[in-house]
Amino acid sequence: MTTQPTPVLEARGVTMRFGGLTAVRSVDFTVNAGEIVGLIGPNGAGKTTFFNCLTGLYVPTEGTVSYKGTVLPPKPHLVTQAGIARTFQNIRLFANMTVLENVLVGRHTRTKEGLWSALLRGPGFKKAERHSEERAMELLEFIGLAHKRDHLARNLPYGEQRKLEIARAMASEPRLLLLDEPTAGMNPQETRATEELVFAIRDKGMAVLLIEHDMRFVFNLSDRVAVLVQGEKLVEGTSDVVQADERVIAAYLGEPFEGAPGEAEAAEVEAAEVEAAEAAADATSTTSSTKGEAK
Ligand SMILES: Nc1ncnc2c1ncn2[C@@H]1O[C@H](COP(=O)(O)OP(=O)(O)OP(=O)(O)O)[C@@H](O)[C@H]1O
């Protein structure tokens, strides 16, 4: 008997427009409990915009995002409270706080004292501090930074800062973790260690969705990979299926292919441009022949 996958995250018809630019177009997307899913696509394909729609940073122009069957309000703190945490493409740590403090701040959605109390270390925060500190230290041990608990975040090497970001996101006790380019700027050893870390996170019971440019990393890790091209989901499947799909290769190489996202619009624009150019050419020849007649 096969067990049905349980969706944690479901995006339905998510579209995001910035003025005249459609960065994400009608994307349906699901992450199931216990899965590692990769989201790939050429530069500017709309991956980060889609992440921002999932995490409430952007309000999608159309479509809905649900967590365990309930539509999420597009507000980052409510999304985190529901059980989704994320890291960013550019590191966003509190540089002048210690490693431990950074993780404690990440726990604010799970303590009733809240963010300001955590930042200002008010009386309520101190009370809850011991329990939070134990949890934070467990996390630091898990990611291998316990020995650096009192170091300032800004003094950590780059790879450790990225790890700390992951620990801080995990501190909110999410069921789904979204990682935006977790290996950006890492050396091969750090990338390999991050791969192990992501597997270990999944083994803790969290689903993981990651955007990545490092193909070996994403194909090694992911149970499923979705490919965004010009804001549309082009292909979705196992690593083997996606790697073998010629449309994916063409999209990465920037080559045209039949049924490419945006192809119909591009053809319309091209036809309009040709028409405009022809009209302009006609007008010029009419003018010059008129001029010719006047001579
Ligand atoms: N806030 C914004 N306002 C206007 N346009 C935007 C905004 N954010 C993204 N875009 C545009 O939307 C498109 C998709 O960008 P996005 O950053 O989501 O792509 P990406 O796949 O994450 O790219 P990369 O891999 O380079 O990070 C691009 O054309 C980008 O210029």
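Modeller: A residue is buried if 20 or more other C-beta atoms lie within 10 Å of its own, exposed if 12 or fewer, and partly exposed in between, with C-beta atoms placed from the backbone. Helices (H or I, at least four residues) and strands (E, at least two) are DSSP runs, numbered from the N terminus. By these rules the buried residues of helix 6 are Q161, R162, K163, L164, E165, I166, A167, R168, A169 and M170. This is a predicted model, in which local features need pLDDT of at least 70 and side-chain atom pairs count only at pLDDT 80 or more, while totals for chains, interfaces and linings use all residues. Residues are numbered from 1 along each chain as its sequence is written.

Biologist: Why is I211 called buried?

Modeller: I211 has 22 C-beta neighbours inside 10 Å, and therefore counts as buried. I211 is found in strand 8, residues 207-211. Leaving aside neighbours within four places in sequence, I211 is in contact with L39, K47, T48, F51, D180 and E181; two residues are in contact if their C-beta atoms, placed from the backbone, lie within 7 Å. I211 and V37 are 174 residues apart in sequence and 8.8 Å apart in space, C-alpha to C-alpha.

Biologist: Why does A184 count as partly exposed?

Modeller: A184 counts as partly exposed because it has 16 C-beta neighbours inside 10 Å. A184 has its place in the loop between strand 7 and helix 7. The C-alpha atoms of A184 and E212 are separated by 8.1 Å, and the two residues are 28 apart along the chain.

Biologist: Which phi values are positive in S26 and E173?

Modeller: Phi of S26 is near 45 degrees, a positive value in a residue other than glycine. E173, also not a glycine, has a positive phi of about 55 degrees. Most residues other than glycine have a negative phi. S26 is found in strand 2, and its 14 C-beta neighbours inside 10 Å are why it counts as partly exposed. E173 lies in the loop between helix 6 and strand 7; with 15 C-beta neighbours inside 10 Å, E173 therefore counts as partly exposed.

Biologist: Which residues are around the ligand, and what makes them count?

Modeller: A residue is near a molecule or strand if its C-beta atom, placed from the backbone, lies within 6 Å of it. The residues around the ligand are F18, L21, A23, G41, N43, G44, A45, G46, K47, T48 and T49. Strand 2 (21-32) and helix 1 (47-54) each supply at least two residues of this shell, and the largest share, 3 residues, comes from helix 1. The shell has 4 nonpolar, 6 polar and 1 charged residues. Here Ala, Val, Leu, Ile, Met, Phe, Trp, Tyr, Cys and Pro count as nonpolar, Asp, Glu, Lys and Arg as charged, and the others, Gly among them, as polar.

Biologist: Is helix 1 mostly covered or mostly exposed, and how do you know?

Modeller: Helix 1 is mostly covered, with 7 of its 8 residues buried. Those are K47, T49, F50, F51, N52, C53 and L54. Helix 1 is followed by G56, whose phi is positive, near 80 degrees.

Biologist: How many residues of each domain are in contact?

Modeller: In this model, 11 residues of domain 1 are in contact with 10 residues of domain 2. On the side of domain 1 that touches domain 2, the largest share, 3 residues, comes from helix 2.
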